[in-house]
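Trainee: Could we go through the labels attached to this model, taking each value together with the cut-off behind it?

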Amino acid sequence: MQRSTERTVPYDAAFFDVDETLLAHKSMFRFLRFYLQRKGEPELLYERLAAELSALAAAGVPREEVNRAYYRLYAGESAEYLAAVGREWFDAELADPGFLLEAPVAEHADLREQGVPTHFVSGSFFACLEPAAALLGASETHGAPVKIRRGQLTGEIDYPVIGEGKAETVQAVARLRGYRLDHCIAYGDHATDLPMLETTGTAVVVGDDPVLRRRAEAAAWRTLPQTPRTAARLPA
């Protein structure tokens, strides 16, 4: 009898949040600081803008609306320029080995080695996500759908990829690619990732968010530590 040589793939696909799930920091804020520095703006401008966004969140403004406010900061900027600055920013961040989280990045590499398509699903945008995907070998990125007109960002997005927006993105990708959601796995670190985690058949919580930890205990989900790397070992 002839034996099958087909490789068994454990999941149809894997979906990863990015900030504080694969990267140790909030990429959007760190990129904003780098971008403003490249534009020759004073540090005080970054501090003021970051404080304004933080104040919105502290006042109870939904995270989705804070996300929209963030992208208005780039109104009129060239998409090509932002992509180039994004690559510079990411290369600079990699000088710190702790920029990547040890366990989730290792699991991402294992899934890729097993032939599982991996998708980044994030409220961040192309300037931050594409360099990370290139480094880690992700199949696709699904970030904030920024509106671009004549090569420039309008400052608006079609919808925030946060909360239910993440779950809807995962569902749309699964329909398009023919993935069975109950045969997929998702990784997230924040309570707003819960809709995405509950969309797939398997979920993994990164870090100690109390909402996700309680859900993980109830659903017997695995958890991973948010431990930064301590050595400059990059994925092959």
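Predicted model: local features only at pLDDT ≥ 70, side-chain atom pairs only at ≥ 80, totals over all residues.

Trainee: How do you know that the span of helix α7 agrees with its number of residues?

Mentor: Helices here are DSSP runs of H or I with at least four residues, strands are runs of E with at least two, and both are numbered from the N terminus. The expected span is 1.5 Å times one less than the number of residues, so the 14 residues of α7 (residues 164-177) should span 20 Å, and because the end C-alpha atoms are 20 Å apart, the two agree.

Trainee: Which residues of α7 are buried, and what covers them?

Mentor: Buried means under 20% relative accessible area, exposed means over 50%, and partly exposed lies in between, with a 1.4 Å probe and protein chains only. In α7 the buried residues are Gly165, Lys166, Ala167, Thr169, Val170, Val173 and Ala174, and their cover includes β1 (13-16), β2 (118-121), β3 (140-142) and α8 (194-197). After α7 comes Gly178, which has a positive phi near 80 degrees.

Trainee: Why are α4 and α6 called oblique to each other?

Mentor: Axes are lines fitted to C-alpha atoms, for helices over the stretch in contact, and angles run from 0 to 180 degrees between N-to-C directions. Angles under 35 degrees count as roughly parallel, over 145 as roughly antiparallel, 65 to 115 as roughly perpendicular, and the rest as oblique. The axes of α4 (residues 79-93) and α6 (residues 126-136) cross at roughly 50 degrees and come within 8 Å; the pair is therefore oblique.

Trainee: Which residues meet where α4 packs on α6?

Mentor: Taking contact as heavy atoms within 4.5 Å, Ala79, Leu82, Ala83, Gly86, Arg87, Trp89 and Phe90 in α4 meet Phe126, Ala127, Cys128, Pro131, Ala132 and Leu135 in α6. By class, this contact has eleven nonpolar, one polar and one charged residues.

Trainee: What makes α1 roughly antiparallel to α2?

Mentor: The axes of α1 (residues 27-38) and α2 (residues 43-58) come within 9 Å and cross at roughly 150 degrees, which makes the two helices roughly antiparallel. On the α1 side Phe29, Leu32, Arg33, Leu36 and Gln37 take part, and they meet Glu43, Leu45, Tyr46, Leu49, Ala50 and Leu53 in α2.

Trainee: Is Ser124 buried or exposed, and how do you know?

Mentor: Ser124 lies in the loop between β2 and α6, and because its relative accessibility is 1%, Ser124 counts as buried. Leaving aside neighbours within four places in sequence, Ser124 is in contact with Asp19, Ser27, Met28, Tyr71, Leu129, Gly143 and Ala144.

Trainee: Why is Glu198 called partly exposed?

Mentor: Glu198, in the loop between α8 and β7 (202-206), has a relative accessible area of 42%, so the label is partly exposed. Not counting residues up to four places away in sequence, Glu198 touches Arg215 and Trp221.

Trainee: What makes Glu156 partly exposed?

Mentor: Glu156 sits in strand β5 (residues 152-157), and its relative accessible area of 32% therefore makes Glu156 partly exposed. The C-alpha atoms of Glu156 and Leu73 are separated by 9.5 Å, although the two residues are 83 residues apart along the chain.

Definitions and conventions: Residues numbered from 1 in each chain as written. Heavy atoms only, no water. Nonpolar A, V, L, I, M, F, W, Y, C, P; charged D, E, K, R; others polar.
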